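My notes follow in the order in which I looked things up.

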Amino acid sequence: MIYLDNAATSWPKAPGVAEAMSRFLLEEAGNPGRSGHRLARTAAERVESARRALARLLGVSPPERIVFTLNATDGLNLALKGLLRPGDHVITSSVEHNSVTRPLRALAEQGVQVTKVPCFGDGTVDVDALARAFRSNTRLVVLTHASNVAGTLQPVAEVARLAHAAGALFLVDGAQTVGAVPFRVADLGADLLAFSGHKGLLGPTGTGALYVGPGVDLRPTREGGTGTSSELDVQPSDLPHRLESGTPNTVGIAGLGAALEYLEHRGLEAIRAHEVALVRALREGLREVPGLRLYGPEDPARCAGAVSFTLPGLEPSEVAAILDASFDVAVRPGLHCAPDAHRTLGTFPLGTVRLSVGPFNTLDEVRQVVGYVAQIARSWG
Amino acid sequence: MPEVDERYVRQVQFPPIGPEGQRRLLESTAVLIGCGALGSTIADGLVRAGVGRLVIVDRDFVELNNLQRQMLFDEEDVLQQLPKAVAAARHLRKVNSTVAVEPIVTDVHAGNVQDLIRGADVVLDGTDNFETRYLINDACVAAGIPWVYGGVVAASGMSMTILPGQSACLRCVFREPPPPGSLPTCDVAGIISPIVRIIGGVEVSEALKILTGSGRPNRGLLSVEVWDLSFEVVELGGPSPDCPTCGRGEYPFLRAEAGTVAISLCGRSGVQVAPRPPVHLDLPALAERLRAVGQVTQNEFLLRFANEECDMAVFPDGRAIIKGTTDPAKARTLYARYIGG
């Protein structure tokens, strides 16, 4: 099987992830921070060491600014709902995932004002339009770091400067880039960064995190046990406890820790270079297929790992089903939970076929897939 | 002799039923799953005979092409776009107002089948697909409720009666449902009404035997071909010890671990229905069959089929993308009609 659905979740996972999770369940599965016995201490150490590894990866200090969540969606919800109040204004773009669009829609119904800034045809946000969108009550700009449909990397640093100049905070959806594109939080200028542990970070599903920058006060969306300040009936104010209630996904975080070890060892620069080469091979190969329409920026250096295309006469879901049924290639067709992005690309409502690469794909694999797509195009042309 | 409604006199005069059998019948509950052609015949038979309560489960709506053989419906039902279960109940109340006829408009699936058959003394098969039959088989064997299988296509039909724990169950006889695309369906091969009446009639008489507690239910597999006129009963043994349903109690369909999987595809591309495990589908042969009932285009990778009621793409591993709907139940219905299984 050739797996090209890494933007949905990466597969395979990093070497060592399954073993770490198995070992955790068999030998270490106490409740972290709730008692002093060996299993509890070991579990706590797994959670805290994963937190430290994430902080190193993203250049975050102290590590407690990393709050564990279930996934990127969970982190985005926490950031948006913990920050925005009725009467606040928020700016976003027209290529966002539903994990941003839907919480904002729900908040709009409670009186939050939302402006969606248009994007260019390749998915890049129109920074001039964004600059004009600020109001006196603009509290936040929320933008994806890279489109999950076309891979388009956004000019986040530029947007951060605009946001900060206007006194607003900047939330970045890092679902498609954390682990796959090397950067430090300071490079983005992000005050908040939400991401999942199961995509670029190569960890298990059910893991994710939210980075909370200095000067950002998020109201918890859940209160409960933290293992700290238990004598008080108010939620503790210190991070990460303020935003982490209840027993965390310890087994998942143990797996994530192993994945982070792998990433540190292999190096994000090397992974990024590999994925850029894969995207380049895909785009160059697909461009030669007669009739095929390719979306997103031409330059692979301006893309994360996703490549979207359509074929004339065949629906994206049909192309994906053929790739699966006849060639054993796993891809994702449709709207990719990002209808606005497809409206921007002009591919709504049927969407596109999305090929998304990961660190374990090879040049040979992506060339094979280009050949299959060409064969499908010929068969129906 | 207890007092018997004038309505049932002729039936009570039939010695195997008699007044006692009629009394039992009037106190019994039958659940009919599927109310198309077979279901119409069965429901009509049971309501006229005086079953106490009849639950009719069907998710479809009455269409003009049903009237040729589905005897409970008329043109008015088509105009009003009534659900079949509701239209059937309306007509049946005019036939016999003393029977409690309860229409339920729903798709039958692993999540609701146990509730639907609860309290039944017999369950009758009026469905048009094997996936639902295997589900009914699992649910009835698990609950210990007798059920009568019946199926028809073109001019032939089959029936067998399953008495859980006593007779072979559907899975004892046919270990796996026929793979999608391997059998003709009514929507492709056609159907004539006489075979419907025969198999429906057999299902009613089996139900009457079970509900009145008299006679010997069919212990074989009945096969009828009405155009060349042949009747055949193959005798069947008892429950098979290694049957996943009645021998090992695994109930794969009831646990939703077998059968097709329907998932709504992201966006508006439709619903994907895929057999579990994948099968090898002969696309050219399927294309040949479907050409009679719609537009077909086909190559080695896919088959596109469209007619006035559906638009689908079918792939060599048996999956199909049913377009123009987001309703998994509707997609599975169309899959069963045109691909089968």
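This is a predicted model: local features need pLDDT of at least 70, side-chain atom pairs count only at pLDDT 80 or more; totals for chains, interfaces and linings use all residues.

Residues are numbered from 1 along each chain as its sequence is written, while chains are lettered from A and ligands numbered from 1 in the order in which they are written.

**Entry 1**

I looked for cis peptide bonds in chain A. One joins Phe348(A) and Pro349(A), with omega about 5°. Pro349(A) sits in the loop between α11 and β13 of chain A. Another runs from Trp11(A) to Pro12(A), with omega near -5°. I placed Pro12(A) in the loop between β1 (2-3) and α1 (17-28) of chain A.

In chain B I checked phi. Ala154(B) has a positive value, near 55°, though it is not a glycine. Ala154(B) lies in the loop between β5 (147-153) and β6 (156-162) of chain B.

**Entry 2: domains of chain A**

I took the domain bounds as given; they come from an automatic or database domain assignment. Chain A splits into domain 1 (2-10 + 267-380) and domain 2 (17-266). Their C-alpha centres are 27 Å apart.

For contacts I used this rule: two residues touch if their C-beta atoms, placed from the backbone, lie within 7 Å. By that rule, 32 residues of domain 1 of chain A meet 30 residues of domain 2 of chain A. On the domain 1 side, α9 (268-287), β10 (306-310), α11 (339-345) and β13 (352-356) of chain A each supply at least two residues. I sorted that side by class: 14 nonpolar, 11 polar and seven charged. Here Ala, Val, Leu, Ile, Met, Phe, Trp, Tyr, Cys and Pro count as nonpolar, Asp, Glu, Lys and Arg as charged, and the others, Gly among them, as polar.

**Entry 3: the sheet of chain A**

Which order do the seven strands of the open sheet in chain A take? I read β2-β8-β7-β6-β5-β3-β4, with mixed pairing. Strands pair if DSSP finds at least two bridges between them. β2 (66-69) and β4 (113-117) of chain A are at the edges with a single partner strand each, so one side of each has no neighbour in the sheet. Neighbouring strands of this sheet are turned by 20° against each other on average, direction ignored.

I then followed one pair. β6 (169-173) and β7 (192-196) of chain A run in the parallel sense over three bridges. Asp173(A) is opposite Ala194(A) in β7(A).

Helix α3 (72-83) of chain A packs on the sheet, and its direction makes about 155° with that of β7(A). Axes are lines fitted to C-alpha atoms, for helices over the stretch in contact, and angles run from 0 to 180 degrees between N-to-C directions. Helix α4 (98-108) of chain A also packs on the sheet, touching β3 (89-93), β4, β5 and β6 of chain A.

**Entry 4: domains of chain B**

Chain B has domain 1 (6-235) and domain 2 (261-338) in the assignment. Their C-alpha centres lie 28 Å apart. 12 residues of domain 1 of chain B touch 15 residues of domain 2 of chain B. I counted the domain 1 side as three nonpolar, three polar and six charged residues.

**Entry 5: the sheet of chain B**

The open sheet of chain B has eight strands in the order β3-β2-β1-β4-β5-β6-β7-β8, again with mixed pairing. β3 (100-104) and β8 (230-235) of chain B are the edge strands. The twist averages 15° from one strand to the next. β2 (53-57) of chain B pairs with β3(B) in the parallel sense over five bridges. Within β3(B), Ala100(B) is the bridge partner of Arg53(B).

Helix α7 (130-143) of chain B packs on this sheet at about 170° to β4(B). Helix α10 (193-212) of chain B lies across β1, β4, β5, β6 and β7 (220-225) of chain B.

**Entry 6: where the chains meet**

How many residues does each chain give to the contact? I found 16 from chain B and 19 from chain A. The chain B side holds eight nonpolar, four polar and four charged residues.

Key: Helices (H or I, at least four residues) and strands (E, at least two) are DSSP runs, numbered from the N terminus.
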